[in-house]
Amino acid sequence: MQLTRTTTRRRSRAALALGAALVAAATGVLAPSPAAAAPGAATPRTAAEATAAAEKAANELTVIDEQVHEAEQIVARQETAAQQAARAAAVAKAALRAYEPQLRAIAHTGYTGTTQSRVAAFLTSRSATDLVQRVTTLDLIATHTNSVISEAAAARKAAAQAQATADQAAATAKAGLTELTEQQAEVQKRIAGYRETFARLTAAEQTAVTTSLAGPALDAPSADQLPLAPGSAAAVAVKTALAQVGDPYVWGKSGPDGFDCSGLTSYAYAAAGVLLPHSSASQSRLGRAVTRAELAPGDLVYFFSPVSHVGLYIGNGMMVHARTFGRPVAVTSVDMNGFRGGRRLVG
């Protein structure tokens, strides 16, 4: 009896530690040290309470993971903007260089303005007609020269502005990448701590947590059991996703041997030639909205508010998804807690 009580206490402490680790991950992703419990906060005293706390914290960790994925999208856009700005600066510099031969020619002729040229024309002209012709020619030359100089000045200004824009865009992208790298490293550290603590739970406690988060796993159907349109992009995506059932959940991965939620859907649709961003929130804004009753195989289904999870509907009320650590890619009911809607990408 004493041994049973001791074992139960150890398991409860492991469950409590898991809850604490997940809460720390959820509340301090950018902090260098784990978040401390608030003074007076209630501490779970049973395995059931600790499991419930772990489930809540795991959902919060999912939100943080999604925020990092969104940050990755932002940094990608910043890097693209920097590349576009650099190309614009190069074009502006090339336009400026095009004026160099004309400017050198102007300098070589010793052009000093119209006044002295007019005096020289007056002194050397053989007749009034000759004088008028020379002055007219000088006016045309002066107009052209002034135009070239003005255009070259504008090109120089445009090149300087383009280069300044490119430098700013590059600096923004570099700063964003640096911050993102720090966030990714911090998340990985929190994840490692979570997985270590999760591994100390009993099999029953682990199953309770993952089932609550992801839903009970169902037998994966074969493609011919599903209402798929042969050869369609949706059919290819569904078949590809089902082929990954049993692969491990790996944060930030999009295959081929490990996936997180948006990584799985991205991988599945990539096989059909449809590129998706690696972000559940971004994916939830693609295509057109469909209700639960309108879902068809190949539709994306997304969960929670803000959106932090996505799966692929396969028909007959089922979806395939990569939900959380400790649960591989699996088929479950689409009626998982937190359902918010569906998106149809094709058809």
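User: Is alanine 229 buried, partly exposed or exposed?

Analyst: This is a predicted model, in which local features need pLDDT of at least 70, side-chain atom pairs count only at pLDDT 80 or more, and totals for chains, interfaces and linings use all residues. Residues are numbered from 1 along each chain as its sequence is written, and side-chain values use heavy atoms, with hydrogens and water left out. Alanine 229 lies in the loop between helix 6 (203-214) and helix 7; helices (H or I, at least four residues) and strands (E, at least two) are DSSP runs, numbered from the N terminus. Buried means under 20% relative accessible area, exposed over 50%, and partly exposed in between (1.4 Å probe, protein chains only), and because its relative accessible area is 43%, alanine 229 is partly exposed.

User: How far apart in space are alanine 229 and glycine 298, C-alpha to C-alpha?

Analyst: In sequence, alanine 229 and glycine 298 are 69 residues apart. From C-alpha to C-alpha, the distance in space is 10.0 Å.

User: How many residues of helix 7 are buried?

Analyst: Helix 7 (residues 233-242) is mostly covered. Its cover includes helix 8, strand 3 (309-315), strand 4 (318-321) and strand 5 (330-333). Among the buried residues are Ala234, Val238 and Leu242. Of the 10 residues of helix 7, the number buried is 7.

User: What is the relative accessible area of serine 262?

Analyst: Serine 262 lies in helix 8 (residues 261-270). Leaving aside residues up to four places away in sequence, serine 262 touches His69, His278, Ser279, Ser280, Gln283 and Val310, where contact means heavy atoms within 4.5 Å. Serine 262 is buried, with a relative accessible area of 0%.

User: Which helix gives the largest share of the lining of the largest cavity?

Analyst: On a 1 Å grid over the protein atoms alone, a cavity is a set of points where a 1.4 Å probe fits but cannot get out, and lining residues have an atom within 4 Å of a point. The lining of the largest cavity includes Thr62, Asp65, Glu66 and His69. The largest share, 4 residues, comes from helix 2 (residues 47-97).

User: What is the volume of the largest cavity?

Analyst: The count comes to 2 cavities of 30 Å³ or more. A volume is the space filled by probe spheres set on the grid points, which are joined across faces, edges and corners. For the largest cavity, this space is about 70 Å³.

Notes: 1 Å grid on protein atoms, 1.4 Å probe; cavity = no way out; pocket = protein on both sides within 12 Å on 5 of 7 lines; lining within 4 Å.
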